Amino acid sequence: MMEYIGLYNYWIVIMVMMIGFYIVIARPNLIKKIIGLFIFQTSVFILFISMAKVEGGTAPIIGEGITAYSNPLPHVLILTAIVVGVATTALGLALVVRIREAYGTINEDEIHVQDEVNE
Amino acid sequence: MSDSVLAVHLPALLVVLPLVSAPVCLLLRDAGYAWAYTLVVSWCVFALAIVLLWQVFVEGTISYAMGAWAVPWGIEYRIDMPGALMVLIVSSIGSVVMPYAYTSVRHEIGESRSSLFYTCYLLCLTGLLCVVVTGDAFNLFVFLEISSLSSYVLISLGATRRSLTAAYQYLVMGTIGATFILIGVGLLYMMTGTLNMVDLSQRLSPICETRTIQVAFAFMTVGVSLKLALFPLHLWLPNAYTYAPSVISAFLAATATKVGVYVLLRFFFTVFGSRFSFESMHVGDILMILAVVAMFVASVVAVFQDNVKRMLAYSSVAQVGYIILGISLATVAGISAGMIHLFNHALIKGALFLAMGCIFLRTGSVDIQDMAGLARKMPLTMAAFVVGGLSLIGIPLTAGFISKWYLVEAALDGGHWPLAALILTSSLIALAYVWRVVEAAYFQPPGAGLHEVREAPVAMLVPTWVLIGANLYFGIDASLISRVARLGAETLLGFTG
């Protein structure tokens, strides 16, 4: 039992991921989908940050009497992944703006209806 | 040659050249200058790719430490035979479509946004090339996203508003795929503490039966399958290819999904090793079933499409099925058949989408109804479509025949004779959809709207026919490509050094 509670940040990762994924699938609003997508990506950031923690380790700065350091590399990786995530979100929102201009709505169902009428 | 500075830094140049050119292109503003500049850059990249392939032929696998940071701590660029072949495919398609782009882009996107188009095109090219040459798992994710993000933009530049929703749909699904890959990379790093692919493979073998590695494998497979549009994860592809600008449909159909397949090969064989992937995870069985379903379902759906670009897009999903089928056999014959079809399909689909672009330029439509009698007005374009279509079906003397031949041979070789029968049967469905277009264009009287229609301009016909010519050339003389593919398959399976 304790073993499962001890891994709580991984449970949080899974929960956040599923919440984000659910929003992407279930919400017809295009902006909410983008929000869901970003929450989905955020969960992976937490996953990387969690794995960087070394038990008893401090920040990776050399100092007297310190033997254990946390791993700094996942933080750096995630910094890059955050940039990718922000770029994706920005592009997604830009597309939503253009979709709004072209269709007059950001509701996925209404867009489908408009597309089918034009077929 | 191998002593000169240029030759040593070739792998870096291949990526840096288009990457640095992209912002310069943005500054040029003028559509004509931007086009000429992109043309020169893409041709230079093609030249570099040829030299690179030659180097790999002569000297074997090239390992390049980016920024001179020692491997495995720094980022390694690693080019072996399959990688060199992929670089050649991407850069050759990239350079062939460029002369075509000038007229097509001006017509479909407009002068004012042209330089933005070429900037994104160069970024997309950079991303695709770097995904192939990199030997670092995280670097691969980053450049996969660079190519994907720029291809979302390129697709959204299409002529109708539906290109926007297609790009949006692709963005959502592509990002989910990329995030899955990122999770996989994270789990691998967690277990091994390295990101270098060769280093990963060595450190993975003692611990590969752990749950974490199995989960990482599953995330990777699903994520990459989304990117390469393996059935049933292909839902983004038909809309994206249908509503994208013609040049981009041709470019992405010929390169983006192929690079996805290459990433899959890299992870299955280089990182996880074929023993783990195929014997303990049984991924071959799953892929084989999905590939066969893709071949049939997507081909049948293609028959019922009235929009020819959409028809070709569904056909792409089916053709990805053939490629994956070859890989799922996990034998030298199977993988080399998959790689041969990967190369040939790039030529086929590139040519067919370019022909569609010619038709769209002159008639403003790619619907089958509007193509009635078009062969009399645009004989060269339609002839290109017919030859490309024959190659798609797999008629002898075309490249498609060579792929089908090797695929059937690989299936029989592995004792899967029902697979061989399925490959041949599904090719007949391709005959059905290609015939629908041929029937309309050649055997129906021209519609009233076709009076003003002329043959497409030379600048667009030449690239189309170059790819068609390549189809015929590689259909008659397949010794080069089969040799490269065989060497590549042997490298991946670890038979030779």
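Start with chain B as a whole: of its contacts with a separation of 6 or more, 79% are between residues 24 or more positions apart. Here two residues are in contact if their C-beta atoms, placed from the backbone, lie within 7 Å. This is a predicted model, in which local features need pLDDT of at least 70 and side-chain atom pairs count only at pLDDT 80 or more, while totals for chains, interfaces and linings use all residues. Residues are numbered from 1 along each chain as its sequence is written, and chains are lettered from A and ligands numbered from 1 in the order in which they are written.

**Stop 1: all of chain B**

Colour chain B by secondary structure and you will have 21 helices and 2 strands on screen. Helices (H or I, at least four residues) and strands (E, at least two) are DSSP runs, numbered from the N terminus. Along the principal axes, the C-alpha atoms fill a box of roughly 70 × 55 × 40 Å.

Of the 497 residues in chain B, 62% are buried. A residue is buried if 20 or more other C-beta atoms lie within 10 Å of its own, exposed if 12 or fewer, and partly exposed in between, with C-beta atoms placed from the backbone.

**Stop 2: H4 and H11 of chain B**

Now select residues 81-108 of chain B, which form helix H4, together with helix H11 (246-271). Two packed helices are described by the angle between their axes and the distance between the axes. H4(B) and H11(B) pack at about 165°, with their axes 7 Å apart. That makes H4(B) roughly antiparallel to H11(B). Axes are lines fitted to C-alpha atoms, for helices over the stretch in contact, and angles run from 0 to 180 degrees between N-to-C directions. Angles under 35 degrees count as roughly parallel, over 145 as roughly antiparallel, 65 to 115 as roughly perpendicular and the rest as oblique.

The crossing of this pair, H4(B) and H11(B), is left-handed, a term used if the near helix is turned anticlockwise from the far one by less than a right angle, with right-handed used if clockwise. Show side chains here: the H4(B) residues in the contact include B:Met86, B:Ile93 and B:Tyr100, and those of H11(B) include B:Phe251, B:Lys258 and B:Tyr262. By class, this contact of H4(B) with H11(B) has 16 nonpolar, 4 polar and 2 charged residues. Ala, Val, Leu, Ile, Met, Phe, Trp, Tyr, Cys and Pro count as nonpolar, Asp, Glu, Lys and Arg as charged, and the others, Gly among them, as polar.

While you are on H4 of chain B, pick B:Arg106. B:Arg106 is partly exposed, with 16 other C-beta atoms within 10 Å. Leaving out residues up to four places away in sequence, B:Arg106 touches B:Ala31, B:Glu111 and B:Ser114.

**Stop 3: H8 of chain B**

Next, select residues 197-204 of chain B, helix H8, where the buried residues are B:Met197, B:Asp199, B:Leu200, B:Ser201 and B:Leu204. These buried residues pack against H6, H7, H9 (211-228) and H11 of chain B.

**Stop 4**

Go to the loop between H9 and H10 (236-243) of chain B, the place of B:Pro232. A cis peptide bond joins B:Phe231 and B:Pro232, with omega about 0°. The loop between H9 and H10 also holds B:Ala229, which has a positive phi of about 60° although it is not a glycine. B:Ala229 counts as buried, with 28 C-beta neighbours inside 10 Å.

B:Leu397 is in the loop between H17 (379-393) and H18 (399-413) of chain B, and is partly exposed, with 14 other C-beta atoms within 10 Å.

**Stop 5: where the chains meet**

Finally, show chain A as well: 21 residues of chain B are in contact with 25 residues of chain A. On the chain B side, the elements giving two or more residues are H6 (137-156) and H7 (162-192). H7(B) gives the most, with 13 residues.

Select H7(B) with helix H4 (residues 73-103) of chain A: their axes come within 9 Å and cross at roughly 165°. H4(A) and H7(B) are therefore roughly antiparallel to each other, and their crossing is left-handed. Among the residues that meet are A:Leu91, A:Leu95 and A:Arg98 in H4(A), and B:Tyr168, B:Leu171 and B:Thr175 in H7(B).
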